[in-house]
Amino acid sequence: MSDVSIAGDPLAWPHLAPAPLAHPTTVGGFAALARRVAADREHWEPLVRYDALTRWYARLSTGPGYEVWLLSWLPGQGSGAHDHGGSSAVMTVLQGELTERSPRTPGGPADATARTLAAGSQRVIAPGYVHHVVNDTLEPAVSLHVYFPGLTEMNPYRG
């Protein structure tokens, strides 16, 4: 006889249910973390700064195996073609609109495929995925990036 057949539904008995995870461990968990941080506008909005010369960014928080970053993008500012090394990422647009361009083939032009990411859009980015993010609009934009594991390298590419 199993524990489930003896005890019945483990969720009906909280002391039998596993403790909730304090930190995310799956892509879905990291996407949920990004949505929770995005929803807490009172926390992140006062921190946003804009820099006319370059994209502004600040690390909001860290946890076991991840970092959360806030970025601002004035019109025309972009990341250049890059990957995130061995890190995965969840990118969430908080305000404004961004365009993500990615090559269709490795080494291809960075603008081969373009996606418009409006406020609320979320993208999951695998390790080694090459993309270029830019604010093509006339209004500022703000995005949130969760990197897991924490970001240790960004490899630039031509194009």
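**Reading a predicted chain: terms and values**

Read along the sequence, the chain follows the pattern α-α-α-β-β-β-β-β-β-β-β-β-β. This is a predicted model, in which local features need pLDDT of at least 70 and side-chain atom pairs count only at pLDDT 80 or more, while totals for chains, interfaces and linings use all residues. Residues are numbered from 1 along each chain as its sequence is written, and side-chain values use heavy atoms, with hydrogens and water left out.

User: What makes a stretch of this chain a helix or a strand, and how many of each are there?

Analyst: Helices (H or I, at least four residues) and strands (E, at least two) are DSSP runs, numbered from the N terminus. The chain has three helices and 10 strands.

User: Why is Glu 100 called buried?

Analyst: Buried means under 20% relative accessible area, exposed over 50%, and partly exposed in between (1.4 Å probe, protein chains only). Glu 100 has a relative accessible area of 0%, so the residue is buried. Its place is in strand E5 (residues 97-102). Of the 159 residues of the chain, 38% count as buried.

User: Why is His 82 given a class, and which one, at 6% relative accessibility?

Analyst: His 82 counts as buried because its relative accessibility is 6%, against the limit of under 20%. His 82 is found in strand E3.

User: How do you know that the side chain of Glu 100 makes a polar contact with the side chain of Arg 123?

Analyst: A polar contact is a pair of N or O atoms within 3.5 Å; within protein, one must be able to donate a hydrogen and the other to accept it, and residues adjacent in sequence count only if both atoms are side-chain atoms. The side chains of Glu 100 and Arg 123 make such a contact at 2.7 Å. Another polar contact of 2.7 Å links the side chain of Glu 100 to that of His 131. For His 82, the side-chain partner is Ser 79, at 3.4 Å.

User: What makes a residue a contact of Leu 74, and which residues are in contact with it?

Analyst: Contact means heavy atoms within 4.5 Å. Leaving aside neighbours within four places in sequence, Leu 74 is in contact with Tyr 50, Asp 51, Ala 52, Asn 135 and Pro 140. Leu 74 lies in the loop between E2 and strand E3 (82-83). Leu 74 and Asp 51 are 23 residues apart in sequence, and their C-alpha atoms are 7.6 Å apart.

User: How do you know that strands E1 and E2 pair?

Analyst: Two strands pair if DSSP finds at least two bridges between them. Seven bridges join E1 (residues 56-63) to E2 (residues 66-73), and the strands run antiparallel. Gly 63 stands opposite Tyr 66 in E2. The hairpin has two residues between the strands, and Gly 65 takes a positive phi near 85° there.

User: What makes a space a pocket, and what is the volume of the largest pocket?

Analyst: On a 1 Å grid over the protein atoms alone, a pocket is an open set of points with protein on both sides within 12 Å along at least five of seven lines, whereas a cavity is a set where a 1.4 Å probe fits but cannot get out; lining residues have an atom within 4 Å of a point. Grid points are joined across faces, edges and corners, and a volume is the space filled by probe spheres set on the points. The largest pocket has a volume of about 210 Å³. Of its 15 lining residues, the closest to its centre are Arg 55, Leu 71, Tyr 147, Leu 151 and Met 154.
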